[in-house]
Amino acid sequence: MTANVAPISQNWSWKERDTAVASVVDEVGAASWTTATTFPSEVHVELLRAGRIPDPFLGFNEHEVQWIGDREWLYYTKFDVPEQERAWKNAELVFEGLDTLCDVYLNSQKILYADNMFRTWTVPLAKENLQDTGNVLLLHFTSAKRLAKELEGQYGRVRAGSCNLGDPSRVYIRKAQYGWRWDWGPELMTCGPYRAISLITYTARIESANTRAAVSAAPALSPSLKVDVSVSGDVTAVKEVKVVLKELDGTVIQEQQVQQAASGAAPSLFNDTVSWDLKDKVELWWPVGYGRQKLYTIDIFLLGEHGTILDSLTRRIGFRSVEIIQEPLEEPDHYGQGTTFLFEVNGVRIFMGGSNWIPAHNFLTALTEDNYRAWLTLLRDGNQNMVRLWGGGVYEPDAFYDICDELGVLVWQDFQFACGVYPAFDSFVKSVRQEAVDNVKRLRHHPAMAIFCGNNEDYQMVLQWGGIAELPARVLYEEVFPEVVAEHCDPVIPYHRGSPYGGKDWDTSDPTIGDVHQWDIWGGKELPWQEYPSRGGRFVSEFGIPSFPDIKTVDYWLDGNTKDRWAQSKLMTQHDRAGSHERRFAIVMNENFKLTSDLETHVYNSQLMQAEAVGLAYRAWRREWRGKGKQYTAGVLVWQLNDCWPVISWAIADFFLRAKPVYYAIARELRPISVAMARTVTQNRENDRPKQFYEFGAFRSVSATVDIWGQNSALEPCKVRLELSFTDLNSDWKEAQMVDATLLPNQSTEIASLRVPGPPRASENAVDPSHSVVIGARLLDAASGAVLARAADWPQPYRLLDVPDPKLIVQVEGEQVKVSVERPVKSVFFSVDEEGESALGRQERVRWSDNGVDVFPGDPVVLEARGFKGLHANLRVQYLGNEHGTVVYQQW
């Protein structure tokens with residue numbers, strides 16, 4: 001018989017466990033069941049849709065639903081075996097994801113205890129287990145919170161992050177750690193069958209397949225394919241294995257039918273079923289910006305007597321090589337000598353610019369493939385080429401990685417361990433090993449997979465706290481995970497012990513080796529964000545500064561509460577989980593911006609602060625990609641791309657995909673060709689202030705210089721012309737300069753360094769007149785004159801600027817928005833405010849080509865607002881000097 005996969009997705013019901021009923025199986029006949037609205041399912045979603053709980057994302061409602069995590073919950077359904085499958089030889093129930101502690105009963109018999117959210121659970125069934133009709137499948141979910149505390153009592157209380165990162169007992173349970181609470185997320189202890197459940201009936205089936213799509217070393221870059229097939233069931237029934245490689249349109253590239261001889265033992269592994277040299281037959285897969293994301297379909301068939309198909313498997317693959325290069329640098333930078341930490345794909349060394357990913361919803365069943373595509377497309381369209389899946393979430397569903405393959409976004413995949421001293425008792429290690437095997441085998445065929453990483457900040461936490469003698473989970477990070485990756489990945493996918501991780505004695509802060517997380521700005525030492533240029537490393541895999549989300553998102557969680565509509569209210573605190581956020585916001589905001597009691601102004605200023613800080617970091621660290629032997633910084637991944645609920649956070653786009661100004665700032669810095677500037681102000685005596693600040697008090701600024709450089713990610717040089725404009729905000733004075741240059745391939749190129757000019761000095765003792773001079777830069781293609789990139793550098797701190805009225809003119813034609821000015825203007829940010837009852841909680845429907853732009857006289861900027869045409873909405877604009885914002889266009 002041909003293997004059949006029957007989803008068990010219909011007619012599910014759920015209820016709270018009645019502890020007065022002695023046996024859980026006796027509850028199936030009770031009258032208090034509620035029909036599940038969707039499957040897969042999660043109990044918070046069902047309770048919310050049934051009107052039994054308030055929306056935990058609104059107001060203070062999170063605290064009204066904590067009881068759910070303390071209770072036990074039941075799901076059940078009835079199913080038949082398809083008539084044509086009732087002569088089955090083998091049968092299995094496959095549970096792709098149970099959250100988390102679950103006893104599974106089939107026809108009143110317990111068949112499984114699941115205790116790991118991240119594993120795929122497969123239960124072989126005997127004839128007596130399964131009826132032709134009316135099979136009752138019952139899932140009994142118990143409290144993860146309760147078991148965690150019991151295990152903590154048995155094995156001891158450990159350190160697991162700050163108090164913002166949930167109860168430390170979380171380390172004992174293999175459940176998504178962010179659900180216990182994080183410094184950007186609520187405490188919502190979910191449970192339910194959150195991924196698919198299937199009944200598989202078969203004679204023999206493909207248990208797994210390793211499609212080993214390899215590419216030889218450069219310069220040959222010759223593609224090849226080997227296929228290993230693991231078969232379960234009656235392997236003697238398998239006479240042949242057929243492999244077909246096709247274009248996505250179905251055109252056959254190569255196929256082969258191979259006779260197989262196997263014993264009756266199962267599972268049986270057929271190694272090297274095919275071994276093909278595919279030179280000149282297939283194209284390579286490339287990350288975005290370096291070539292096509294060429295994908296192919298591979299079909300694998302198990303054939304029985306007379307060519308009968310026993311089972312088949314279809315997947316998409318791509319051909320690429322990926323390595324992490326850690327080699328000595330030719331000469332030291334300001335951190336020291338050290339080694340590189342860079343990614344090389346198909347022989348090309350590529351600067352990684354990207355984001356960290358957290359689960360995009362606290363309730364995972366609320367996410368669809370379209371949601372993942374929207375988020376990852378946003379990332380790709382922001383000129384980012386890598387996404388890091390952080391270790392406190394989940395291994396995402398197949399759709400996530402499929403979309404990364406399509407978009408050319410490389411994946412950094414953490415194993416799911418974050419910020420804690422995890423245990424290593426035998427049953428825990430055994431479960432985690434199988435978790436690793438399940439997910440490595442599921443993900444290894446994706447060309448986007450660039451690295452597996454052992455944990456997030458577990459080594460760092462131990463070093464940071466001190467007084468912790470041992471990290472038991474080292475056995476996982478240093479033995480189990482590398483063994484699993486090496487055993488199951490051919491060609492090799494790089495493995496890194498942890499993030500951050502560097503040199504001797506687990507050093508996680510050495511900027512000359514491995515990767516670093518830079519939290520001395522905002523957190524840690526609470527340094528000014530202007531110090532980012534000197535706080536990098538070989539690969540910065542985390543850093544960031546938070547901001548408020550879009551004002552519409554704030555109004556969404558306020559839910560009509562006007563009393564708390566101010567920046568430091570109780571309800572704003574409910575939606576800001578960052579440690580010491582009051583003090584830390586006060587430092588960075590008060591140093592840089594004028595104080596305000598207007599909420600819209602405060603929200604805008606926080607977003608501008610985030611954009612300026614993070615933009616500076618990308619700009620300065622990408623500058624350190626200086627060519628082979630001097631690739632001092634090879635990657636920058638911001639914390640974080642997204643949110644799991646409406647909140648004040650580090651996200652560069654909020655829960656409703658409303659991109660903040662920082663998203664566009666990053667996109668500009670990561671363009672294939674970009675221009676950048678850095679101003680250094682000299683004072684009349686030494687001081688401890690940011691070197692970008694002009695001083696008017698005890699210290700006096702006497703001069704300023706500016707460095708200008710370009711970035712070229714292409715593999716060919718680019719001849720450019722640099723146009724510089726210097727404009728005084730306080731007078732009509734202006735000046736212009738021009739420089740011709742060649743941007744070297746795949747690196748940064750220094751273009752110019754000069755003193756910042758300004759109007760005549762008012763007096764001999766006056767502050768240097770450049771204190772009110774804005775610098776504009778345009779990079780033009782030397783041959784065509786086309787504008788390749790723009791940049792601006794404004795005097796700091798912004799709170800001391802006397803910004804003039806820019807005389808802003810906004811013209812809208814269809815989905816094009818043209819902005820022109822008479823005076824320079826900073827961070828012109830457009831928002832589309834839709835009308836309607838649900839507008840506040842609606843996913844953003846307009847995508848801007850750019851936003852938050854600086855505009856100069858004589859150089860109008862044209863932006864595209866994709867999706868704006870036909871909306872009933874107001875177009876609102878904010879900028880420095882008009883932070884509250886005004887409506888400039890109405891479309892009805």
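Q: Hi! What's the strand order in the open sheet of 4 strands?
A: In this predicted model, the order is β14-β13-β16-β17, with antiparallel pairing.

Q: And which strands stand at the edges?
A: Those are β14 (252-259) and β17 (309-317). Each has a single partner strand, so one side of each is left without a neighbour in the sheet.

Q: How many bridges join β16 to β17?
A: There are 8 bridges between β17 and β16, the latter covering residues 296-303. Across from I309 in β17 you'll find L303.

Q: Switching to helices: at what angle do α10 and α11 pack?
A: About 85°, with the axes 10 Å apart. Angles of 65 to 115 degrees count as roughly perpendicular, and α10 and α11 are therefore roughly perpendicular to each other.

Q: Nice. Which residues meet there?
A: From α10 it's F585, V588 and M589, and they meet H602, N605, S606 and M609 of α11. By type, the contact of α10 with α11 has 4 nonpolar residues, 3 polar and no charged.

Q: How many aromatic pairs does a search of the whole structure find?
A: It finds 57. Among them is W14 with W73, a tilted pair at 6.4 Å centre to centre and 50° between the planes. W14 sits in strand β2 and W73 in strand β4, 59 residues apart.

Q: Are W14 and W73 buried or exposed?
A: Both W14 and W73 are buried.

Q: What about F415 and Y495, how are they arranged?
A: They form a tilted pair too, 6.5 Å centre to centre with 55° between the planes. F415 has 1% relative accessibility, so F415 counts as buried, while Y495, at 21%, counts as partly exposed.

Conventions
Residues numbered from 1 in each chain as written. Predicted model: local features only at pLDDT ≥ 70, side-chain atom pairs only at ≥ 80, totals over all residues. Heavy atoms only, no water. Axes fitted to C-alpha atoms, helices over the stretch in contact; angles between N-to-C directions. Helix = DSSP H or I, 4+ residues; strand = E, 2+ residues; numbered from the N terminus. Parallel < 35°, antiparallel > 145°, perpendicular 65-115°, else oblique. Contact = heavy atoms within 4.5 Å. Nonpolar A, V, L, I, M, F, W, Y, C, P; charged D, E, K, R; others polar. Pairing = 2+ DSSP bridges. Phe/Tyr/Trp six-rings, centres within 6.5 Å; stacked < 30°, edge-to-face > 60°. Buried < 20%, exposed > 50% of the residue type's maximum accessible area, 1.4 Å probe, protein only.
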